[in-house]
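Please walk me through this protein chain in plain terms. I would like to know how its parts are held together and what lies inside it.

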Amino acid sequence: MKRFGLFAASFVFAALFAVSAFGQAAQPAAAFKMAVINTGAFDAKEGITRYSTAMNALEAEFKPLETEIQGMVTKYQNLGTEIKTLQDQISGGKVPVDQKAAQAKVDEYQALEKNIKRKQEDAKERLERREPVVMGPIRQEIGKALQDFAKQKGYALILDAAKLDGAGLILAFDETKVDATREFITFFNARPATTATTAAPK
């Protein structure tokens with residue numbers, strides 16, 4: 001689900017690497033185990049329950065503001081259509097047009113454009129401040145769980161498939177051998193939640 005599209009803001013999941021083997025003596029290649037986990041799947045329907053819950057809470061918190069901005073955008077688009085119709089009538093010269101009323105619509109259109117931009121910028125700033133507060137605790141839980149998962153499964157290194165793919169760094173890999181996304185999600189969902197809480201909105 002695309003979230004917060006009207007705010008023109010996006011947040012990249014913090015890089016999470018299990019690097020327990022780094023800093024130790026080199027091991028034979030055969031003993032080196034690595035896996036990839038797609039953090040983009042954490043917010044999927046079958047993803048990490050508490051992560052999705054936190055994202056849903058954040059989305060619900062900003063929903064009224066997003067709805068307000070969408071209403072402004074709709075009004076802006078409708079005004080644009082009306083102004084275009086008036087311009088066509090003026091150009092054709094066949095239909096009398098109230099120039100004063102037409103100019104009033106243009107002024108309203110321009111003022112609304114400025115208000116939308118200001119509202120979007122304010123919303124983006126609020127979201128950027130609020131997002132780490134809401135999502136921070138669950139990300140810390142996931143980071144700790146990734147370390148525990150790596151040690152339990154014997155992985156020397158876990159990479160984020162979402163970031164590697166987005167950067168064009170994955171050419172090919174055998175999912176059946178290295179993709180541990182589903183296994184980790186099951187592992188995490190079975191863990192008890194910590195005492196970390198999400199701060200209430202101000």
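The side chains of Arg 191 and Asp 148 form a salt bridge, with 3.1 Å from N to O. The term salt bridge here means a side-chain nitrogen of Lys or Arg within 4 Å of a carboxyl oxygen of Asp or Glu. Arg 191 sits in the segment after α5 and Asp 148 in helix α2, so this pair ties together parts that are 43 residues apart in sequence. Arg 191 is partly exposed, at a relative accessible area of 25%, and Asp 148 is partly exposed as well, at 23%. On this scale buried is under 20% relative accessible area, exposed is over 50%, and partly exposed is in between (1.4 Å probe, protein chains only). Asp 148 and Arg 191 also belong to a network of salt bridges that includes Lys 144.

The model is predicted: local features need pLDDT of at least 70, side-chain atom pairs count only at pLDDT 80 or more, and totals for chains, interfaces and linings use all residues. Residues are numbered from 1 along each chain as its sequence is written, and side-chain values use heavy atoms, with hydrogens and water left out.

A search of the whole structure gives 13 salt bridges. One of them joins the side chains of Arg 50 and Glu 141, at 3.0 Å from N to O. Arg 50 belongs to helix α1 and Glu 141 to helix α2, so the pair links parts that are 91 residues apart in sequence. Arg 50 is partly exposed, with a relative accessible area of 23%, whereas Glu 141 is buried, with 12%. Which residues does Glu 141 contact, leaving aside its neighbours within four places in sequence? They are Arg 50, Phe 188, Pro 192, Ala 193 and Thr 194, where contact means heavy atoms within 4.5 Å. A further salt bridge joins the side chains of Lys 163 and Asp 160, at 3.1 Å from N to O. Lys 163 counts as partly exposed at 29% relative accessibility, while Asp 160 counts as buried at 3%.

The next step is the overall layout. The chain has five helices and two strands, and along the sequence they follow the pattern β-α-α-β-α-α-α. These elements are DSSP runs numbered from the N terminus: helices are H or I with at least four residues, and strands are E with at least two.

Helix α1 has 44 residues and reaches 60 Å from its first C-alpha to its last, close to the 64 Å expected at 1.5 Å a residue. That expected span is 1.5 Å times one less than the number of residues in the helix. At Lys 63 the helix α1 bends by about 45°, and a proline, Pro 64, follows within four residues. The bend is the angle between axes fitted to the seven residues ending at a residue and the seven starting there. After α1 comes Gly 93, with a positive phi near 70°.

Leaving aside neighbours within four places in sequence, Phe 184 is in contact with Ile 37, Phe 42, Ile 48, Ile 142, Ala 145, Leu 146 and Phe 149.

Ala 180 is found in the loop between α4 (175–178) and α5. Is Ala 180 buried or exposed? Ala 180 is buried, with a relative accessible area of 2%. Beyond its neighbours within four places in sequence, Ala 180 is in contact with Ala 35, Val 36, Ile 37, Phe 149 and Tyr 155. The C-alpha atoms of Ala 180 and Ile 158 are 9.0 Å apart, although these residues are separated by 22 residues along the chain.

Some totals complete the picture. Of the 202 residues of the chain, 33% count as buried. Among contacts in the chain with a separation of 6 or more, 88% are between residues 24 or more positions apart.
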